[in-house]
Amino acid sequence: MERTYIMVKPDGVQRGLVGEIVKRFEQKGFKLAALRLMTPTEEHLKQHYKDLAEKPFFPGLIKYMTSGPVVGMVWVGKGAVTTGRKMLGATNPADSAPGTIRGDFCIEVGMNICHGSDTVENAEAEIALWFPEGVATYEKSEDAWLYEKR
Ligand code: IDP
Ligand code: MG
């Protein structure tokens, strides 16, 4: 089953949106495998965003991401990476459709309240970076009412 790394950024935590974001992933039917409030170091965030190191906004991004605690989580389910991105909305909230998390709760690209892995490969790398101790695996009875039997 696919896994994705979702993170509520410092502005999302400050604005009391943790529950709302958790709620949306829960109600969709995805299974929570890990969740933690963390205050990551600059080095940790530079690793997370290493593909963006050359971007002009990179220093500002690191400053933003170290401005307060974040909530990292792992959600599991069919298509969790692609669907998770759709649930977040476009990177720039100005382009995010209403009904998406960014479309409903924020305004600026540099304060877009949440992160979601963009590919299965990146999701696995991010899960290993943020939850090196591993994540929970368990059966959820609800799955019988979410997934068609093959
Ligand atoms: P994503 O979060 O939708 O995957 P990325 O391109 O991976 O978008 O960028 C990572 C984060 O960097 C964005 O979520 C946003 O917080 C920030 N960011 C991206 N582009 C800009 C920009 O042009 N100005 C300021 N911040 C940006
Ligand atoms: Mg990205």
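Q: Which residues does UniProt place under the feature "binding site"?
A: Happy to start there! An unreviewed UniProt entry gives that feature to Lys9, Phe57, Arg85, Thr91, Arg102 and Asn112. In this predicted model, the lining of the largest pocket takes in Lys9, Phe57, Arg85, Thr91, Arg102 and Asn112 from that set.

Q: Where does ligand 1 sit?
A: Ligand 1 sits in the largest pocket. The residues around ligand 1 are Lys9, Tyr49, Leu52, Phe57, Leu61, Arg85, Thr91, Arg102, Val109, Gly110 and Asn112.

Q: How many residues of each class are in the shell around ligand 1?
A: Sorting by class, you will find 5 nonpolar, 3 polar and 3 charged residues in that shell.

Q: How much of the accessible area of ligand 1 does the protein cover?
A: On its own, ligand 1 has 530 Å² of accessible area, and the protein covers 74% of that.

Q: Where is the place of phenylalanine 57?
A: Follow the chain from helix 3 (42-48) towards helix 4 (58-65): phenylalanine 57 is in the loop between them.

Q: What does UniProt list for residues 1-138?
A: The unreviewed entry lists "domain: Nucleoside diphosphate kinase-like" for residues 1-138. In the model, this span is 41% helix and 17% strand, and its end C-alpha atoms lie 12 Å apart.

Notes
Residues are numbered from 1 along each chain as its sequence is written. Chains are lettered from A and ligands numbered from 1 in the order in which they are written. This is a predicted model: local features need pLDDT of at least 70, side-chain atom pairs count only at pLDDT 80 or more; totals for chains, interfaces and linings use all residues. Side-chain values use heavy atoms; hydrogens and water are left out. A residue is near a molecule or strand if one of its heavy atoms lies within 4 Å of it. Accessible areas come from the Shrake-Rupley method with a 1.4 Å probe; for residues, only the protein chains shown count as cover. On a 1 Å grid over the protein atoms alone, a cavity is a set of points where a 1.4 Å probe fits but cannot get out, and a pocket is an open set with protein on both sides within 12 Å along at least five of seven lines; lining residues have an atom within 4 Å of a point. A molecule sits in a cavity or pocket if more than half of its atoms lie within 2 Å of its grid points. Ala, Val, Leu, Ile, Met, Phe, Trp, Tyr, Cys and Pro count as nonpolar, Asp, Glu, Lys and Arg as charged, and the others, Gly among them, as polar. UniProt positions are given in the numbering used here, feature names are shortened, and annotations may be inferred rather than shown by experiment. Helices (H or I, at least four residues) and strands (E, at least two) are DSSP runs, numbered from the N terminus.
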